[in-house]
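Subject: Structure handover

Hello,

Here is the structure I promised to pass on. Please open it first, then read my notes below.

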Amino acid sequence: MTLLASSAPQGWTSAANGTEPVSSAEFKSAVGGLTCKAKLESFGRSFGRKYWKFQPGWINLNHGSYGAEPLPVLQAFRDLQDQASDAPDRYHRIEYLTKLEDTRKALADFVGCDVGDLVLVNNATVGVNDVLRSLTTEWNQGDKILYISTTVYNGCEGTLRAIVDSHRHLGLSLLPVEVTYPISHKDLIQAIKTTLEAEKAKGSKVRLALIDAISSNPGVIVPWEPIVKLLREYDVLSLIDAAHQIGQLPVNLRESQPDFWVSNCHKWLMAHRGVAVLYVAKRYQHLIHSIPSGLYYAPRDSSDELGAPGWLDEFVWNGTIDWSSYLSIPAALEFRKTICGGEERIYDYCHTLAKEGGREVAKILGTETMENLEGEGELVGTMSNVLLPLATPGSHLDAKEAFSMLVQQRTSVQMLQMTKHKTMVPAFIHNDKLWVRFSAQVYNDLEEFKEVGKILLDVCTEVEKGLGV
């Protein structure tokens, strides 16, 4: 995707010296595939000011919730919208299809799978729904769906409940696995295995398991690859909610071989929101249909060793939408490669910052981070979780009242950050305590973590006074 150099936003500075306007060659290198020979810039706040468009003074330490596209990707997105408006018929009937195929090929290379095994959808929740709702003909009487109930993304849990409610005639049910973090990878896998063994002993059938790759709250790494192998041993389908994975941690789907896998590209990959990639193993492609069903819907009897190519058509077109977010992915990949210096450089910086930043905030708050001991499996990718210094609800409250109080605290912590301070790190309840999740991105630095740590200290004081804790 090559953009005109004249499209470069005014005010950009040169990658070479940080003071001169961006040259045509540098701008094209960010989004058009040319090689940028300038020395790689240091990550941090100045890098963010140059390549992102945050409100002055806003400290964005919550990349994990909505993502934030860099300026070259934003420009690519807007140029795509212009192209669609310049000649609507030519764009939607010819140009879009070529661009979509190129985008899917680039993504297939990035995640390690065949191009015929993936499609693009609006977001990870849509992808989870595409899979679960397409399995309507596959559920059997009494089937159970396993999930980790204490960390599952609430939108996906809602989808699971909807699937159960819409199949009452089959007596489907959810099978929660409760775990408390921090927990070693070994113990987490064992908890799932123990649950599967118990169901097997009862003669129950666990049909599918919804497993995170990186949980949302808390933001922790889940050892999903060995879990997929375990599920396969028990003949359980694996649906991996990898909303936070692509662009945060590497993935090779040919090696890990999940049955279904979905990841948001507008989060850590830096594409324009919203777009996600949905992978389906060849043996199940004939079952999967798009939501909504549209022009290219067709029943398919089975998949062969090449999959079921017809499944792709349903996701290419089922109604007119703005495809620009989908097609911004190549610009994001090029920005990561050319301007950021590649995946390893991005991850090394963000992972180190997440760990060091989280620990600095914990020092300021006088609390702790959520981490495993050495040898127990890494929990921290590019997000860190820090305990807030808020008093726990008193013993005079019953469980419902105590939880309600925690919810009030959570809401107040988030609202005060946004309304009185120019920042927001999400607060969440885990094991009857209130935590916050920090995201480390290439536009952040350690001083920002410290600044927000001090803000949280003030916010917690206000919350306790306001709620009379």
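Start with E448, which is buried at a relative accessible area of 6%. Here buried means under 20% relative accessible area, exposed over 50%, and partly exposed in between, with a 1.4 Å probe and protein chains only.

Before the rest, some ground rules. This is a predicted model, where local features need pLDDT of at least 70, side-chain atom pairs count only at pLDDT 80 or more, and totals for chains, interfaces and linings use all residues. Residues are numbered from 1 along each chain as its sequence is written, and side-chain values use heavy atoms, with hydrogens and water left out.

Salt bridges

Side chains of opposite charge can pair when their charged atoms come close. A salt bridge is counted when a side-chain nitrogen of Lys or Arg is within 4 Å of a carboxyl oxygen of Asp or Glu. The structure has 25 of them.

What does E448 pair with? Its partner is R45, and the closest N and O atoms are 3.8 Å apart. E448 belongs to helix α16 (residues 446-467) and R45 to helix α2 (residues 45-51), so the two sit in distant parts of the chain, 403 residues apart. Helices (H or I, at least four residues) and strands (E, at least two) are DSSP runs, numbered from the N terminus. R45 is partly exposed, at 23% relative accessible area. A network of salt bridges links R45, D445, E448 and E451.

D114 forms a salt bridge with K282, with 2.6 Å between the closest N and O atoms. This pair also links distant parts of the chain, 168 residues apart. D114 is in the loop between α5 (88-111) and β1 (118-121). K282 is in the loop between β7 and α11 (310-316). D114 is partly exposed, at 33% relative accessibility.

E199 and K144 form another salt bridge, 2.7 Å from N to O. E199 is in helix α8 and K144 in strand β2 (residues 144-148), so the bridge ties together parts 55 residues apart in sequence. E199 is buried at 5% relative accessibility. K144 is buried too, at 15%.

R336

Is R336 buried or exposed? R336 is buried, with a relative accessible area of 0%. R336 sits in helix α13 (residues 329-339). A polar contact is a pair of N or O atoms within 3.5 Å; within protein, one must be able to donate a hydrogen and the other to accept it, and residues adjacent in sequence count only if both atoms are side-chain atoms. The side chain of R336 makes one with the side chain of E343, at 2.6 Å. A polar atom of the R336 side chain also lies 2.7 Å from the backbone oxygen of W268. Leaving aside neighbours within four places in sequence, R336 is in contact (heavy atoms within 4.5 Å) with residues including G247, L269, M270 and I346.

Backbone points

M270 has phi near 80 degrees, a positive value in a residue other than glycine. M270 lies in the loop between β6 (260-264) and β7 (276-280), and is buried at 0% relative accessibility.

D432 has a positive phi as well, near 65 degrees. Its place is the loop between β9 (427-430) and β10 (433-439). D432 is exposed, at 53% relative accessibility.

Which peptide bonds are cis? Y181 to P182 is one, with omega near 5 degrees. P182 is in the loop between β3 (173-177) and α8 (185-202). N217 to P218 is also cis, with omega near 0 degrees. P218 is in the loop between β4 (206-212) and α9 (224-233).

Best wishes

Technical notes:
Contact means heavy atoms within 4.5 Å.
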